[in-house]
Amino acid sequence: MSIETMPLSKAINAGLRKAMQDDPKVLLMGEDIGPLGGVFRVTEGLSAEFGTGRVLDTPLAESGIIGTAIGLAMRGYRPVCEIQFEGFIYPGFDQITSQLAKLTFRHEGALSMPIVIRVPYGGHIGAVEHHQESPEAYFAHTAGLRVVSPSTPNDAYWMIQESIASNDPVMFFEPKSRYWPRGEVDVERNPLPLHATAVAREGSEVTVIGHGAMVTTLLQAADIAAEEGTSIEVLDLRSISPIDWEPILASVRKTGRLVVAQEAPGFVSVASEIAATVTERAFYSLESPVLRVTGFDTPFPPAKLESVYLPDADRVLEAVDRALAY
Amino acid sequence: MSYTAATIQLLSPEGSLVDSDAGAEYRQYIDELTDDQLREFHRQMVVIRAFDMEATNLQRQGQMALWVPSLGQEAAQVGSAFATRPQDHIFPAYREHVIARIRGVDPVDIIRMMRGVTHGGWNPAEHNNLHIYTLVIGSQTLHATGYAMGVKFDGASGTGDLDKDIATVVYFGDGATSQGDVSEALIFAASYQTSQLFFLQNNHWAISVPVTRQSPVPLYLRPSGFGIPGVQIDGNDVLASYAVSRKNLDETRVGGGPRFIEALTYRMGAHTSSDDPTKYRTNAEVQFWQERDPIARFETYLRSLGADDAFFAELAEEAADVAADTRKRTLEVVPPPNEFIFQNVYSEPHPRIDEQREWLAQYEASFGSDA
Ligand SMILES: Cc1ncc(C[n+]2csc(CCOP(=O)(O)OP(=O)(O)O)c2C)c(N)n1
Ligand SMILES: [Mg+2]
């Protein structure tokens, strides 16, 4: 076993390096990803190591980045695109949803689109507008895209490589508030397949589930609840599309209660989908309705209000209490 | 490092007037300026630089999430802002602090955005038509073009009356020229023949990406393919910025069709306070531009016109006062109430917003008065 300790940003960097070493067709594209190493330094050193032919510091155009990645993929490359912040993905939205997502279907299988789009997302960093949002539902709603989000350095290291190996387009959402905390990475053994839901902490009375940075909040909530004598099971969704239902249903069969948490607004969201599906498939196991704890259905507010907007452990526990009260 | 034979320069880096054939058609606009106006140009440049440095300090001390310095770009901004007329509309990107100030925006309102208490900061209708900042690169070029289309449909431009015809100015950067939105704005502007000035501040960098990545040819050539004339100026020459903008604005406002100015300038500071420019640019390049500083050369020019030490000393004092006042009022900025999250999401009542506002109020109340 070979364990290294590193932050999530470095784990993605290591995963990208490994993928680039393993397959000469893998290339990186994005704004400021060359000498600067990206604004979060995720691609630091890769341009020097692999050259500007494999790390493309592109012109400032997201539609251009995604659209040309599509052409490169048609030519046999495996582009990994970096979007600088989630709020700047929309100039590329047409290329992602109308083109990238549908090309395999339109070619009736004659073509695959092995493109990864890395998107730093989420709040908790006190930043200005467009730098703290969680737009994953837009992409999960689009057939043809796979959507994942690691929450730990270990998952980040493995999931980025699995995403690059996928022959389908993968939206890879990186919880930017988790870029810096360090964690253990087992660089020899891949723990789980890309689309698996993981049990982050075992418990017996209530299941809580989330993805990305929310997993940290859920673990905090579970700690607090444990002190108060309540046993919470924490699930890390990891894959938003497809969703690995069995571990979720198994947990609900055990606890009978489910709280779904996310930073994104709740309306027509990942949380909505989980609530609906669990209700359909585990109705007789449920002791209470599935409850959602989400960002409000408003624009992400100015940073001074982010702590009010973003669900914290208290808000999760408020829902846990409601679930237990049924 | 990027001046071309076509670059219009009216004031040399050494601070003396340049006599050139290319500049001749703009000289009359300079000749019309009074001493007081020239001093006002300088005053605005010096004051905003002091403000900018204070804002940078405030950011370093944790008073703002981010600061976007305009250091080095003062002349491009001051000249073009003074070239506008009161009725004009201005769509900035996010670095146009002195333009906002000249149009009556309190620069502390810009700080409020970077401090995380607002996504806007001011009402354009109450601030001489200075629209709010746009952080999504290039988007505002389309808004400006649409605005100018509306102005034209209303008959509020193109009548020939310089004091009434409205021109619309949009500011954007060299990086922005790569965005599809900017090309589309040029297409719409040309197609509808708007009364509009595209003002490009080529500060040579889009964060860490050099302008050569965006275009292998000078960017003032870009609009000609769209049917819009482009001109390149020394953007660190406040006189060129003023005169060339003034001429193009007055020509477009009366119906001469859209115009495009590429102002060659330089981002002397970091892209933002989060950036580390030592990773991607050389000291030699920074030094090249330091020698072409917009403020130093204009001071030399004003001295040659008779401005004395007393004038500059007084100005330095005023700048220091503005900086001190900025610091004081920044520290006094209060965060908005929770309620702010739900206000103005829609302009008319919306049940989901009402429900969630109510939920939050009750939730907060559940913690009791000491929460
Ligand atoms: C659509 C979009 N993509 C990416 C970004 C991130 N970003 C912010 S500023 C910037 C560089 C802009 O360069 P330029 O247009 O030259 O303006 P400057 O900052 O130099 O004034 C980038 C890439 C953004 N704000 N919007
Ligand atoms: Mg620039």
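**A tour from the magnesium site to the sheet**

Begin by selecting the magnesium ion (ligand 2) in this predicted model, where D174(B) (OD), N203(B) (OD1) and W205(B) (O) coordinate the ion at 2.1 to 2.2 Å; donors here are N, O and S atoms within 2.8 Å of the metal (3.2 Å for Na, K and Ca), and since water is not among the atoms, sites may look incomplete. Along the chain, these donors follow the spacing D-x28-N-x1-W. D174(B) sits in the loop between β2 (168-173) and α7 (180-192) of chain B, while N203(B) sits in the loop between β3 (196-202) and β4 (205-206), so the pair ties together parts that are 29 residues apart in sequence. Helices (H or I, at least four residues) and strands (E, at least two) are DSSP runs, numbered from the N terminus. D174(B) and N203(B) are both buried, meaning under 20% relative accessible area with a 1.4 Å probe, protein chains only.

Next, select the strands of chain A, where 7 strands form an open sheet of mixed pairing in the order β3-β2-β4-β5-β7-β6-β12; two strands pair if DSSP finds at least two bridges between them. At the edges stand β3 (55-57) and β12 (239-241) of chain A, each with a single partner strand, so one side of each is left without a neighbour in the sheet.

Now zoom in on β2 (residues 26-30) of chain A, which pairs with β3(A) in the parallel sense over 3 bridges; the bridge partner of G30(A) in β3(A) is D57(A).

Residues are numbered from 1 along each chain as its sequence is written, and chains are lettered from A and ligands numbered from 1 in the order in which they are written. Local features need pLDDT of at least 70, side-chain atom pairs count only at pLDDT 80 or more, totals for chains, interfaces and linings use all residues, and side-chain values use heavy atoms, leaving out hydrogens and water.

Methods: Buried means under 20% relative accessible area, exposed over 50%, partly exposed in between (1.4 Å probe, protein chains only).
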